[in-house]
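Me: I have a new structure open and would like to learn how to read it. Could you take me through it feature by feature?

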Amino acid sequence: MAERKQRRQGERKMGLLTNSVERSEIKAGDHIYTYRAVFTYSHHGIYVGGSKVVHFRPKWNMNSSSETSTDIEDSKPSCEVFPDCGFRQPNSGVVLSCLDCFLRNGSLYCFEYGVTSSVFLAKVRGGTCTTAASDSPETVIHRAMYLLQNGFGNYDMFQNNCEDFALYCKTGLLVVDNQGVGRSGQASSIIGAPLAAILSSPLKLLMPSPVGVATVTAGMYCMSRYATDIGVRSDVIKVAVEDLAVNLGWAGHHEEISEVHGTSTNLVTL
C-alpha cells in the first residue's frame with residue numbers, strides 16, 4: 001500500500017511539463033531549475049550540497065539591478081545566512097548561491113537524465129529532460145566547482161546559457177559546431193516552435209481540418225527538439241573540464257584576470 005502511494009506521488013510530480021521535487025529529495029550533483037517571470041523561462045544550476053547551487057548567468061548583469069525576460073539574473077543577492085552566497089571570480093558568470101537565493105521564492109524542479117525517447121517526446125516543454133546519461137555525482141560536482149573558479153566563457157542565450165552549463169556539468173558533452181544551437185532544450189524549443197510551423201505549413205493544403213494541422217505542427221515541434229538533444233545528436237564530444245578552456249579558446253583568459261585582480265581561489269566553503 002505504501003509503495004503504491006509513493007509511486008502515485010512520483011507520477012504526480014513527473015508530469016508532462018515539469019519535474020517538481022521537494023528540497024529534501026534533491027542530492028548533491030543534481031541538476032535543478034526554477035521558473036522565472038511567470039513560467040516564461042527557467043533558470044538552471046547544479047546543487048552541490050550544503051544548500052549551495054552553482055549556476056551560470058550573464059557577466060554584464062552581475063553589477064546591475066535590472067532584469068529582462070531571459071536568463072539574466074539580479075545583482076549579487078543580499079544573503080544574511082550564507083556569507084559566501086553570490087561568490088564568483090572577477091569577469092565570470094559562474095556564481096555560487098544558496099538554494100533560497102537561487103530559487104527566489106520559486107518552486108524547485110529536478111532535470112531528468114537518461115529518459116527514453118518516448119518520454120522525451122512526450123514532454124510538452126523543452127528544458128526538462130534529456131536522453132543523455134549523467135556522470136557520477138562526484139564528477140558533476142568537480143566540474144561545477146572547477147568552473148566556479150575558472151569560468152564558463154561568454155554567456156549566450158542560444159549557445160551557452162545556464163542550461164548548457166548544467167548539462168555540461170552533468171555529462172561532460174560539448175557541442176563541436178558553435179554555429180548551431182547549444183545543448184539547451186529550452187533554446188531548442190524557442191527555435192523549434194517557429195521551425196515546426198514553417199515546415200508544417202505546406203501540409204495545410206492536404207489537411208482541411210485545423211486539428212490535423214495542429215497535430216502535424218506539434219509533431220514537428222517535438223521532433224525538432226529531439227533532433228537537438230545531446231543524447232542523440234552527433235556533433236557532441238566528451239571534454240574533460242580541465243581541457244574546456246583549450247577547446248573553447250579560453251586558455252590564458254582566467255589566468256590574466258586573476259593576475260590583474262589578485263584573486264584567491266580558496267574563498268568557497270560547502
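**A helix across the sheet**

Reply: Start with helix H5, residues 162-171. H5 lies across S1, S2, S3 and S4, and runs at about 35 degrees to S2. Keep in mind that this is a predicted model.

Me: Is H5 buried or exposed?

Reply: Look at relative accessibility; under 20% is called buried. Ten of the ten residues of H5 are buried, so the rest of the structure largely encloses this helix. Among them are Phe165, Leu167 and Tyr168, but also Glu163, Asp164 and Lys170.

Me: What caps the N-terminal end of H5?

Reply: Asn161 does. A side-chain oxygen of Asn161 lies 3.0 Å from the backbone nitrogen of Glu163. Just after H5, Gly172 takes a positive phi of about 75 degrees.

**The sheet**

Me: Now the strands. What is the order of the five strands in the open sheet?

Reply: First the general idea. Strands of a sheet pair through backbone hydrogen bonds, and the pairing is either parallel or antiparallel. Here the order is S4-S3-S2-S1-S5, with antiparallel pairing.

Me: Which strands stand at the edges?

Reply: S4 (94-98) and S5 do. Each has a single partner strand, so one side of each is left without a neighbour in the sheet.

Me: How many bridges join S1 to S2?

Reply: Six, and the two strands run antiparallel. To see one, find Arg36; its bridge partner in S2 is Tyr41. S1 and S2 also form a hairpin, with four residues between them. In that turn, Ala37 has a positive phi of about 50 degrees.

Me: How many bridges join S2 to S3?

Reply: Four, again with the strands running antiparallel. Gly45 has His55 as its bridge partner in S3. These two strands form a hairpin as well, with two residues between them. Gly50 in the turn has a positive phi of about 60 degrees.

Me: And how do S3 and S4 pair?

Reply: In the antiparallel sense, over five bridges; S3 covers residues 52-56. In S4, the bridge partner of His55 is Val95.

Me: Which strands does H4 touch?

Reply: H4 packs on the sheet and touches S2 (41-49), S3 and S4. The direction of H4 makes about 105 degrees with that of S2.

Me: How many residues of S2 are buried?

Reply: Nine of the nine, so S2 is largely enclosed by the rest of the structure.

**Salt bridges**

Me: On to charges. What makes a pair a salt bridge?

Reply: A side-chain nitrogen of Lys or Arg must come within 4 Å of a carboxyl oxygen of Asp or Glu. By this rule the count comes to six salt bridges. Take Arg23 and Asp100; their side chains meet at 2.6 Å, N to O. Arg23 lies in the loop between H1 (2-13) and S1 (31-36), and Asp100 in H2 (residues 99-103), so the pair ties together parts that are 77 residues apart in sequence.

Me: What is the relative accessibility of Arg23?

Reply: It is 44%, so Arg23 counts as partly exposed. Asp100, at 45%, also counts as partly exposed.

Me: Which residue meets Glu112 in a salt bridge?

Reply: Lys123, at 3.2 Å, N to O. Glu112 is in the loop between S5 (109-110) and H3 (117-122), while Lys123 is in the loop between H3 and H4 (137-150), eleven residues apart. Lys123 has 4% relative accessibility, so this residue counts as buried.

Me: With which residue does Asp135 form a salt bridge?

Reply: With Arg143. The closest N and O atoms are 2.7 Å apart. Salt bridges that share partners join Asp135, Arg143 and Lys238 into one network. Arg143 counts as buried at 7% relative accessibility, whereas Asp135 counts as partly exposed at 21%.

**The whole chain**

Me: Let us step back. How many helices and strands does the chain have?

Reply: Nine helices and seven strands. Of its 270 residues, 46% count as buried. The accessible surface comes to about 13400 Å², and 57% of it belongs to carbon and sulfur atoms.

How values were computed: Residues are numbered from 1 along each chain as its sequence is written. This is a predicted model: local features need pLDDT of at least 70, side-chain atom pairs count only at pLDDT 80 or more; totals for chains, interfaces and linings use all residues. Side-chain values use heavy atoms; hydrogens and water are left out. Buried means under 20% relative accessible area, exposed over 50%, partly exposed in between (1.4 Å probe, protein chains only). Two strands pair if DSSP finds at least two bridges between them. Contact means heavy atoms within 4.5 Å. Axes are lines fitted to C-alpha atoms, for helices over the stretch in contact, and angles run from 0 to 180 degrees between N-to-C directions. Accessible areas come from the Shrake-Rupley method with a 1.4 Å probe; for residues, only the protein chains shown count as cover. A polar contact is a pair of N or O atoms within 3.5 Å; within protein, one must be able to donate a hydrogen and the other to accept it, and residues adjacent in sequence count only if both atoms are side-chain atoms.
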